[in-house]
Amino acid sequence: MQGIAACIFDLDGVIVDTAVYHFKAWKRLANELGFSFTEAQNEKLKGISRVQSLELILGWGGMEKSPAEQHELATRKNDWYVDMVHHMTPDEILPGAKELLESLRAAGIKTALGSASKNAGVILEKVGILPLFDVVIDGNMVSASKPDPEVFLKGAEALGVSPASCIVFEDAIAGVQAAKAGGMKVVGIGEKKVLHEADLVVENLQEIDIRILTNLYNAK
Ligand code: BG6
Ligand code: MG
């Protein structure tokens, strides 16, 4: 059996913790519209596209908006979000992420980003980790959102490897489902009870090394 050819990483919640910035921006928008927005609601937006997030939030607030108004609201939120991510620094890379990317590349395993975010490029640049990815597939390059596997399949294709030879790292239920739908092994980052569909769940990437990945890959 061939070894692992590539690892594909989600961005938000796996490489960096941007959920806090998404929360601040969505909360500001909800408050301007006259309703509240909680951290529990923010959790439900993990892995979900900007447009779908807005639809959910407007639903929670009991509001209906025209497509043009929705576009304006999503842009308003994104402008605040982009202002915040422009101040991100390398300190905000999550524990173990940089070390794992470096060790994979040293072992000849390819790396890709597979993110729903349309802001992935600027975030990777701000935290100084862009050179550690062979390929970046982000929200600008896909038409179907997770749990559809498109983002991960495009990553494998761009790397020139088969989906079955990839391992995906994900913190969102929709992302774990996307990886499984793509025929890939998946490591969940977070809680076992939430990410029970993943092949392995860890708290953070510090717990992962190539030996653990090889065992996971070779397991049935
Ligand atoms: C995902 C986040 O990575 O990107 C979601 O988990 C977010 O919360 C989505 O909505 C889209 O991000 P952006 O940067 O394009 O608004
Ligand atoms: Mg995520």
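Predicted model: local features only at pLDDT ≥ 70, side-chain atom pairs only at ≥ 80, totals over all residues.
A polar contact is a pair of N or O atoms within 3.5 Å. A polar side-chain atom of Ser117 is placed 2.7 Å from an oxygen atom of ligand 1. For Lys118, a polar backbone atom lies 2.7 Å from an oxygen atom of the ligand. Asn119 contributes a polar side-chain atom, again with a distance of 2.7 Å to an oxygen atom of ligand 1. On its own, ligand 1 exposes 400 Å², of which the protein buries 96%.

The shell around ligand 1 holds 14 residues, and those that come nearest are Asp12, Ile48, Ser117, Lys118 and Asn119. By residue class, the shell consists of 4 nonpolar, 6 polar and 4 charged residues.

A magnesium ion is present as ligand 2, and its protein donors are Asp10 (OD), Asp12 (O) and Asp171 (OD). Along the chain, the donors follow the spacing D-x1-D-x158-D. Asp10 and Asp171 are 161 residues apart, and the pair thus links distant parts of the chain. Asp10 belongs to the loop between β1 (6–9) and α1 (19–33), while Asp171 belongs to the loop between β4 (166–170) and α8 (173–181). With buried taken as under 20% relative accessible area, Asp10 counts as buried because its value is 5%. Asp171 is likewise buried, since its relative accessible area is 9%.

Two further loop positions were examined. Ser49 is located in the loop between α2 (39–43) and α3 (50–60). The relative accessible area of Ser49 is 15%, so this residue is buried. The side chain of Ser49 makes a polar contact with the side chain of Gln52, at 3.2 Å. The other position is Pro147, found in the loop between β3 (135–137) and α7 (150–159). Pro147 is joined to Lys146 by a cis peptide bond, for which omega is about 15°.

Technical notes:
Residues numbered from 1 in each chain as written. Chains lettered and ligands numbered in written order. Heavy atoms only, no water. Near = heavy atom within 4 Å. Polar contact = N/O pair within 3.5 Å; in protein donor to acceptor, adjacent residues only side chain to side chain. Areas by Shrake-Rupley, 256 points an atom, 1.4 Å probe, with all protein chains shown as cover. Nonpolar A, V, L, I, M, F, W, Y, C, P; charged D, E, K, R; others polar. Donors = N, O, S within 2.8 Å, 3.2 Å for Na, K, Ca; no water. Helix = DSSP H or I, 4+ residues; strand = E, 2+ residues; numbered from the N terminus. Buried < 20%, exposed > 50% of the residue type's maximum accessible area, 1.4 Å probe, protein only.
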